[in-house]
Structures are given as C-alpha cells and as structure tokens.
Amino acid sequence: MIQARKTLIRSACLITAAAASMVALSVGVAQERDLRLAAAVGQPAPPPVLNPRHPETYVVQRGDTLWDIAAKFLRDPWNWPEIWQVNPQIENPHLIFPGDTLTLVYNDNGRPAVTVTERGPVAGPVVGGGGVERLSPRVRELPIENAIQAIPYAQVQAFLSRSVVLEKKQLAHLPYVVANKNGLVSSAGQDLYARHATAEKGSIYNVVHLGNKLVDPDDNEVLGYEGIYIGQGRVNRPGDPATVRLLDSTREALIGDYLLPEQDATRTNFIPHPPAKDVVGQIIAVMDGVALAGQYEVVVLNRGAKHGLDAGTALRVYQTGKVVRDDGGGMGGGQGGKNGREHGTFGKKVRLPDEPVGTMMVFRTFDRMSYALIMEATGDISVLDTVRNP
C-alpha cells in the first residue's frame, strides 16, 4: 500500500511538473492539459467556461443553429455536450425546436447545465392560449426537419448529396462515360453511354468530372481528386453500356467522366464536440474554386475517419506562420550593434508562430479526408493552414 501511494504521488508530481512546463501554451491547449491532469489524479474535470455575457434564459428562434446557441452560453461552443442537460421527457434529447425556452441552471455539484424548461408553440400544441406548454413526462413526437440544426444546412446540403471529393481507391469501381451519342460531348437533354452503370431504369446518377489532385502534404500521397459537378442523368436503358439521359448540366459531359449514384441528403443533427484524441492536420483544398476561406466556406482536410474524426468534430484553424529574414537587432531603427548585426543572425530565416484564425466543424468524413465548414473566421484561411484540437 505504501509503495503504491509513493508511486501515485510520484506520478502526480511528474504530471504537475509537465503541466508547469507548458504554461506558454494557448488557452485552448491549456484547458486540454487541465482536463488530462484532473483525470490523472482522479479529480472531476473542471466545468466548461461560460460566456461572460451568457443569458439566464433564451427562447430559441427560427434560423438559429445549435452552434450559435452554444456560443451564447459557452466561451467554446464545442463544449455544448458538457452542459446540455438531457431531458427524459424528450424523445431525442439533442433536438431543440423554435420556441423552446432554454434555461441555465446549476447542478448540486455547482456545474452549469442548460435545459429546456418550456416548450414553445412551434414545438408542440398550445395550452390555454398562452403560446407555451410546460414540459411533462411524455414522449415528444415532432418532425426532425423542424429541429434546430447544428450548422447552416443550406451551406452543406450539396456536399452531402453530391460527393465532390473522389477517393483515389473508389475510382476503379465507379461507372464512367464511354461515349456520347452526339459526338465528344453531351449536354442537357442528350444521351451518353456509361460502362458499369448497373442501376435499374429510372435511377439517377450525378455526372462528375475529375478535377485537381488532393495531395496529403505529410507524405505527398494522392488521397483523391476534386470532383467537378456536371449534372444529373437518368438511366433510360439498362445494360453495359447503359444509356443515360442528361436531365440538366452545368457544363458538357466528356468521355471519361464518372457517374455517382444520387445520395439521400438526410438531415443530420450534428452535435458539436472536440475530437476524441489529438488531431493535427492540414487544409488541402478550399471548395468552390476560391483561394481563401471565410465563414461558412467548405474545406477539405487530410484527416478523416481513420484519424478519429466524425460528424460534429470541432477543430481550430491556425494560419501557418510566415518565414521572414532575421536581420539582427538594430536594423529596424533600434539601438543594435554596427549595421544592426549585433547578434550575428544577419540573413538567417526564422519561421513565425502559427496563429489561430478560426474554428471549423467536420460534417462528412471519408477514410483519410473530411469536409469541414468554417464556423468562425478571424483572419484569412487557406490551403496548408493547420487544424488542431480546439
């Protein structure tokens, strides 16, 4: 027992010493350190930090997102699961509806929690003409499409129904255009012939042109390709090759273009949360052909399901530090030595620290890649910027 206690004390001291050596870390990293330290010594994790301007109650409005609501109560919206008080009377405890009244309360241990205290008229029947119904212990049956979404759904809908990222390994199994009925190209209203399009008559395919390579900067391996959406086609005559009629098109379909089955873009109620483990990755593409990403722009990361990412994972974006020339002290008008080279560093290069410039939420994952939506941007976000745990 004494030996075990000594080991425990020594472990705690080592952990404390390690924590003390990291005081220069950012607030987000320091918070993660505190959580691990608390877990190591058997103490409860500290409560999430509230927004200094948090309301005591909030009535959910149409157009709200879960991220916006979380930001009203928390400094870091991705900690929402830590304060969301599950209500047993609600069938799906994560769903919030317009008109619901959310109230900040404190548990017996002093930890903050947010709970639904009143149901609004949108969420259920009106009682007594007052527009609000007190919650009672019964099942809440409401269409999920009426629920508040975690992120602006319109910004990601196309990326859920039309995969515009093609994984390298899937290309060998996709149907493709082998010929066009009217020459080298096809447009809306014309037919094309596709190999391996085995779907039955009337099935819908998205026609996609292969775009730029998506390269993992870690090892320069090609992970996949950007897919340029051409249009939709319907199988009019099954077979191999099958005859596909282009129903609409944004540009001409070419021989070699790929066909992807139309996917059901089911509304997903993403719950913001930090990664389950440490993640360090990079942005490898900004979608829609833009160079810089701002709020509600979609980016592609070189991290995916195999790295522990899933829908709802929140990450912080760091702008890659610039490389500048170090001319030594005095070159900027200070009191350095002769010719401003007192420290003997003239002409050397130095890389500035990465700076936080925003937060993002992953909304769709592949094996080694994922889509993420920029939720907040305080500076320019571009390809090769780093993403890490918030």
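Which residues have the most contacts inside the largest nonpolar core? Select F73, W80, L102, I151 and V300 to see them; the core they belong to has 41 residues. Keep in mind that this is a predicted model.

Next, color the elements that give two or more residues to this core: α3 (66–73), α4 (80–83), β2 (101–106), β3 (112–119), β14 (280–286), β16 (298–301), β20 (355–365) and β21 (370–377). Its largest share, five residues, comes from α3.

Now click on I151 and show what it touches. Leaving out residues up to four places away in sequence, you'll find T65, V156, F270, M361, F363, L373 and M375. Then hop over to a second, separate core: it has 16 residues, and A293, L309, V357 and I381 are among them.

Zoom out to the whole chain. You're looking at five helices and 23 strands, and 42% of the 390 residues count as buried. Take contacts between residues at least 6 apart in sequence: 67% of these join residues at least 24 apart.

Last stop: color by pLDDT. The chain averages 78, and 70% of the residues score at least 70. Select residues 1–42, where pLDDT is below 50; this stretch has 23 contacts in the model beyond near neighbours in sequence. Then select 123–143, where pLDDT also stays under 50 and the model has 43 contacts beyond four places in sequence.

Terms used. Residues numbered from 1 in each chain as written. Predicted model: local features only at pLDDT ≥ 70, side-chain atom pairs only at ≥ 80, totals over all residues. Heavy atoms only, no water. Core = buried A, V, L, I, M, F, W, Y, C linked by side-chain atoms within 4.5 Å. Buried < 20%, exposed > 50% of the residue type's maximum accessible area, 1.4 Å probe, protein only. Helix = DSSP H or I, 4+ residues; strand = E, 2+ residues; numbered from the N terminus. Contact = heavy atoms within 4.5 Å. pLDDT = per-residue confidence, 0-100.
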